Amino acid sequence: MKSYAIHPFHFPTTVAFVDDSPQFLANLSLQLDSQLAFRLFHSPFSALVALNAASSVPPMVERFFSLYRHRGDASYTRHVIDVSLDMIHREVHNEHRFEQVSVVVVDYDMPEIDGLEFCRSLKNPAIKKILLTGKADEQVAVRAFNEKTIDRFIRKQNDDVMAVLNRTIAELQQEHFDQIEHMLSEALAVGSHLFLGDPEFAQRFEEIRERLGIVEYYLSCAPDGILMLDAGGTAHLLIVQTEAMMQGHYEIAYDQAAPEGLLEQLRSGRSLPYFWKTAGNYSPIYEDWQACLHPATEFRGRDHYLYSVVTNPDAFNLKYVYPYSEYLDRLDREARQGRASTA
């Protein structure tokens, strides 16, 4: 799926499947994307309890904002919203991040409660809803879609139902992040992370993600860029600088009487600096300054960028980060235990 912007953060989320037939759910699970995190519920009421309990937690994105008013500002009509960039990349340490449910796939025809009533009973408006229907239920599903009770409906009898379902889930997971990060993205659009809204750079970022197998990422600062992790938890830092930023690095290094070799590298644009101990800027403490330089790649989008990828960046303590592969293994074990208990 082509992206036209980069989210400030992104990580895999969980999909909930609700159907009163355990056998149908078991067969369905065998045909899902192997990298999809999912939970199966054969009791719609158990699903509602679990999903609505999770919705009582404040939305994650709200933790990145705070209200700030300068003590000298006498006007109570003027509010300033402060965005904590540091909190964004700290989210990688939240071991429950993958448990967030972004999409629910629910069968329409269930004896205890039908799929539409189930969707109406969900408290979290950010959860996307897919209704599985039979031929006889199509008109009902169309009305529900037009009323925005559901986001999509898919007929079980379609020959390509699984291909359509996997594709639709991926689309709605993307829309889920679009929705919850809208305000955060707008706030960052006026800062130094302008590359987030550059559609050409977003396409290059997708290529980098695919090459490295990246499944989650988080905006970082000092230096500006994106902290990325693959499914096994290996970290890469994508550093992104503009010509103006590089000029700033050069001037600070010059004022600090940096070695001529370093100054020449900064002037040439062949290397990007990663002085992680001093908020990204050169200091004489870096006697081995060559180790802090990384080959730069030039890219022209709306601006002229230089970027570099640093594997296992030193500034982030990621030793105990919970990787996505372990979460998938945990869900798989739980699913096997559930099948054994219902056999």
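**Salt bridges and burial**

Modeller: The model is predicted. Arg120 has a relative accessible area of 47% and is therefore partly exposed.

Biologist: Which side chain meets that of Arg120 in a salt bridge?

Modeller: The side chain of Glu117 does, with an N to O distance of 3.7 Å. Glu117 counts as partly exposed, because its relative accessibility is 37%.

Biologist: How are Glu117 and Arg120 placed in helix H4?

Modeller: They are three residues apart in helix H4 (residues 115-121), so about one helical turn separates them.

Biologist: What about Glu206 and Arg209?

Modeller: Their side chains form a salt bridge at 3.4 Å, N to O. Both residues belong to helix H8 (residues 199-212), three residues apart, or about one turn of the helix. Glu206 is partly exposed at 22% relative accessible area, whereas Arg209 is buried at 15%.

Biologist: Changing topic, where do Arg97 and Glu216 meet, and at what distance?

Modeller: Their side chains meet in a salt bridge of 2.8 Å, N to O. This pair links distant parts of the chain, 119 residues apart: Arg97 is in the loop between helix H3 (85-90) and strand E6 (101-107), and Glu216 is in strand E9 (residues 214-220).

Biologist: Are Arg97 and Glu216 buried or exposed?

Modeller: Arg97 counts as buried at 2% relative accessibility, and Glu216 counts as buried at 1%.

Biologist: And how many salt bridges are there?

Modeller: The count comes to 15 salt bridges.

Methods:
Residues are numbered from 1 along each chain as its sequence is written. This is a predicted model: local features need pLDDT of at least 70, side-chain atom pairs count only at pLDDT 80 or more; totals for chains, interfaces and linings use all residues. Side-chain values use heavy atoms; hydrogens and water are left out. A salt bridge is a side-chain nitrogen of Lys or Arg within 4 Å of a carboxyl oxygen of Asp or Glu. Helices (H or I, at least four residues) and strands (E, at least two) are DSSP runs, numbered from the N terminus. Buried means under 20% relative accessible area, exposed over 50%, partly exposed in between (1.4 Å probe, protein chains only).
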